[in-house]
Amino acid sequence: MVKGRGNNGVGKKITVGVCVMEKKVKCGPEVFSAPMGQILDRLQAFGEFEIIHFGDKVILEDPIERWPICDCLIAFHSSGYPLEKAEAYAALRKPFLVNELEPQHLLHDRRKVYECLEMYGIPVPRYALVNRDKPYQELEYFVEEEDFVEVHGQRFWKPFVEKPVHGDDHRIMIYYPSAAGGGMKELFRKVGNRSSEFHPEVRRVRREGSYIYEEFMPTGGTDVKVYTVGPEYAHAEARKSPVVDGVVMRNPDGKEVRYPVLLTPNEKQMAREVCIAFRQGVCGFDLLRCEGRSYVCDVNGWSFVKNSYKYYDDAACVLRKMFLDAKAPHLSTTIPPILPWKVNEPAQPSEGLTRQGSGIIGSFGQAEELRCVIAIIRHGDRTPKQKVKLKVTEEKLLNLMLKYNGGRPRAEDLLDATRILVPRTRPSPGSDSEAEDIEHAEKLRQVKAVLEEGGHFSGIYRKVQLKPLKWVKVAKADTEEERPIEALMVLKYGGVLTHAGRKQAEELGRYFRNNMYPGEGTGLLRLHSTYRHDLKIYSSDEGRVQMSAAAFAKGLLDLEGQLTPILVSLVSKDSSMLDGLDNASIEMEEAKARLNDLITSGVKAVQANGSSKRPWMVDGAGLPLNAAELLPTLVKLTRKVTEQVRLLAKDEDEKLAETTSYDVIPPYDQARALGKTNIDVDRIAAGLPCGSEGFLLMYARWRKLERDLYNERKDRYDITQIPDVYDSCKYDLLHNAHLNIDGLDELFKVAQLLADGVIPNEYGINPKQKLKIGSKIARRLLGKILIDLRNTREEAINIAELKSQCQSSTSIKNVKEHTDHQPKFVIKNEESRRTSFTSEKSMDQDEDDDKEIKYRLDPKYANVRTPERHVRTRLYFTSESHIHSLMNVLRYCNLDESLQGEDSLVCNQALERLLKTKELDYMSYIVLRMFENTEVNLEDSKRYRLEMTFSRGADLSPLEKNDDDVEAALLHQEHTLPIMGPERLQEVGSYLTLDRMEQMVRPFAMPAEDFPPPTTPQGFSGYFKSAGVLERLVNLWPFHKHAANGNHEKSTSKTSSKTKDKSSLGGGDSFGTI
């Protein structure tokens, strides 16, 4: 207990009654709970107050007339608390109420909470109410489909949140879309170290009560809790969201880890409005930050911060001012120069991080700090991608196309139609027309097998489309209407991330955690948990890429549980930046045509004219000299393998042909739909293919390769099939070696020789063409990378200047800025209210174009040694095409006419290694790390140094077996190839400045002003929202220091004009983080 310093001349002390249940304020007999006790001790230390604790016996048993009389009353509801009785006491004695009692009834009904928030124009998530008078009551206005619910015509696509209307029911559910794997996560009050559980089999919503359905807000895996003490003071803390993996982070004392974060000016205004709207002086509420906006999703009432001495000081000072203003306005509320309890305050422990030097390239001194990590990463090991095309004339399928208007048919409808159409028996081959019928039947069987494979058609890896080809006019009543008589069915499947791919991605995430950041592994987790690590993860639209990103995040952040919640919470899709080859399709076709000429006409003649010093400069570099002679061998061996697989598929095919049309769709199997987490030992022991692929689909895969690779009638090879043959070979050697397919290893050797030359040359036959194609494919990604680097530098400059200012300032009146300035409260009119339905603008006008979520540690309240340390990480998960394209720009950018005479960003040794590397395999990556030398002048270009490395990924042949290497043998047994470590792209000791990097790359990057405004795709929400283009771009291109200072001044003054609470820095406004 802290000691008082006397009553400071006050004749009679102000009595403060604490009328709450003992379980809420006591840890034991006559001992207040830590936060309440800390604050009340400080109040008493001023010498102006007498604290009276009512106790449970008085509250529950005594009439209100016998309750102690007090000047000020602290009273709040909890389980078993007689709120009406407390209201009667307040009406009788009329004390000053810190939290008014009547509005506390609202807090137990989430509907009324949202209604009150909207009335005051406080943004809430988009929501709708489903009210039931009795359990399981059917409601006409409520519709549930596979991936959405509809309430009064308002549709909520998964992921969405389901909350019970009763505020004391904490079982909140989140339902995930089938495209992300489906399932449900149940959130609940902490039990031990868990706060949520994922249920992959639950897909239907609850119907036993009344619920609020609201849009899921992707917050980057972080929850923010705001604590007010009066309308002029707000403190915010962030923690890992239970949505991510449900594991509660605890410190060595067993308390949940939370860290103070800065609020933006608008969030401070929201805190003020929540306090006033609910008339609760001490009030906690939950804040969601999503795409540059903030929303209130829950109001809790009375709440105090735990384990923050600075907060206890502030809260005591603010409560003192409230009590004196209410009951002794004639007394001065000036805070004494030395707070009376400071002498006895225990020292708080602080934790630090080891400094990070340069790591891989050279040694540049211990003054360097890691500021930014940018990684572009290819997805993990996958099954071969497949496509089935067939023309259909069957009425059932044509009607399906009309029913879904060419969209995605439901599994039940399409599978039922296909089962009816698949013939029972196989006709014997005869005429050409019969041969066509046989092929058509084969493809229908293939479609049927694919649809039955996962039991859930709209999974992440399968897409189907029905396109009309021919129409006829049909008379109908007095008019004619067109009806389709033929359509093209295109079914894409495969490309599923394997159990090996998941393992590779998770292992690489762990490797990054342990090797790319300061502190040897624990450093990153410490930075991340203290909100000094700004992490954003982007993925292309492909399922295997999304799941690779989620598995990587799991390893990087040491998360637990399944990937679906991690994917939805932490990964943003940006297909425009990380998908597609459309921009370079013409150039790539030209490259493939030239490549075909080179192979068929002979590579020797072309490469004989090349330079021995720079072999990468010749056309078709990397192609084997005997490529033309290898093609017939490739065809012969492909036929040999296909025939063996056909025999294996024969028995399975006969069983499938006996299936009746009335079979039910098999139950949803997430392992089949998303790819298995672990190797399926039972299938392998039974002599079946690994994974979920059956022999029929395995045969279809090889049969298609055999047909497409060589046209016997025209005597023509299709060299674009070489990568696919190589892909299938490698997959089966790694995952299906137990099937003992004869000739597969020989085929792999031939296919690898050809693929090593073909694949790199598909992205350009020579360096200049590679540069042209690469710049078109990776243009947006390059622009985003430059923005990332620029913003990191700008932020580092801001922090350096702020640190310098703080060091020169010797005294700051901390609490004064919370209490002295009291702006008048003005109720907004209807036009200016910001509701979840009408708000079109960002909560912070300065951040309209910056939609990436940011959480910044509040240095005033942070118990860390280096609160100013901040590392930005941007991870971009993509496919092979974008890795090749980006690498080609980095190594050949100096060949552009505007940069003639400049050296390459990549040294000659690395250029030679890249030529020999050939394949950028699964989990290959390019990493850019930016370091700041804090001993160099801010304006010096050498203050920021870039380090470039790359990895070939899992670039090992499945034929390589080293009996001496136990780890390699174990990995091979688990069908998993190890990922190669990083290699330098620069010479040891070289110094690449940010200015030079920008000069070399800018001609090929999309300018910031060309990034289009953000759009939200129709249908899915949550992780489907575009995030890569939602940034404060134009104002940050190009950067200059004076503009940054101006922005900082503007944001600081903006803070002052609205409300001065715990941060005079204007929250995160002064930092243009992306």
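Guide: Start with helix α27, residues 880–892, and helix α28, residues 908–917. This is a predicted model, so keep that in mind throughout. Two packed helices are described by the angle between their axes and the distance between the axes. Take the distance: the axes of α27 and α28 come within 11 Å. Now the angle: the axes cross at roughly 150°. Angles over 145 degrees count as roughly antiparallel, so α27 is roughly antiparallel to α28. The crossing has a hand too: α27 passes α28 in a left-handed crossing.

Next, look at the side that each helix brings to the contact. From α27 come Met887, Arg891 and Tyr892. From α28 come Leu911, Leu914 and Leu915.

Is Glu162 buried or exposed? Its relative accessibility is 0%. Buried means under 20%, so Glu162 counts as buried. What does the side chain of Glu162 make polar contacts with? One partner is the side chain of Arg206, at 2.6 Å. Another is the side chain of Tyr213, at 2.7 Å. Now leave aside the neighbours of Glu162 within four places in sequence. Glu162 is then in contact with Arg171, Ile172, Met173 and Tyr175, and also with Val205, Arg206, Tyr211, Ile212 and Tyr213.

Definitions and conventions:
Residues are numbered from 1 along each chain as its sequence is written. This is a predicted model: local features need pLDDT of at least 70, side-chain atom pairs count only at pLDDT 80 or more; totals for chains, interfaces and linings use all residues. Side-chain values use heavy atoms; hydrogens and water are left out. Axes are lines fitted to C-alpha atoms, for helices over the stretch in contact, and angles run from 0 to 180 degrees between N-to-C directions. Helices (H or I, at least four residues) and strands (E, at least two) are DSSP runs, numbered from the N terminus. Angles under 35 degrees count as roughly parallel, over 145 as roughly antiparallel, 65 to 115 as roughly perpendicular and the rest as oblique. A crossing is left-handed if the near helix is turned anticlockwise from the far one by less than a right angle, and right-handed if clockwise. Contact means heavy atoms within 4.5 Å. Buried means under 20% relative accessible area, exposed over 50%, partly exposed in between (1.4 Å probe, protein chains only). A polar contact is a pair of N or O atoms within 3.5 Å; within protein, one must be able to donate a hydrogen and the other to accept it, and residues adjacent in sequence count only if both atoms are side-chain atoms.
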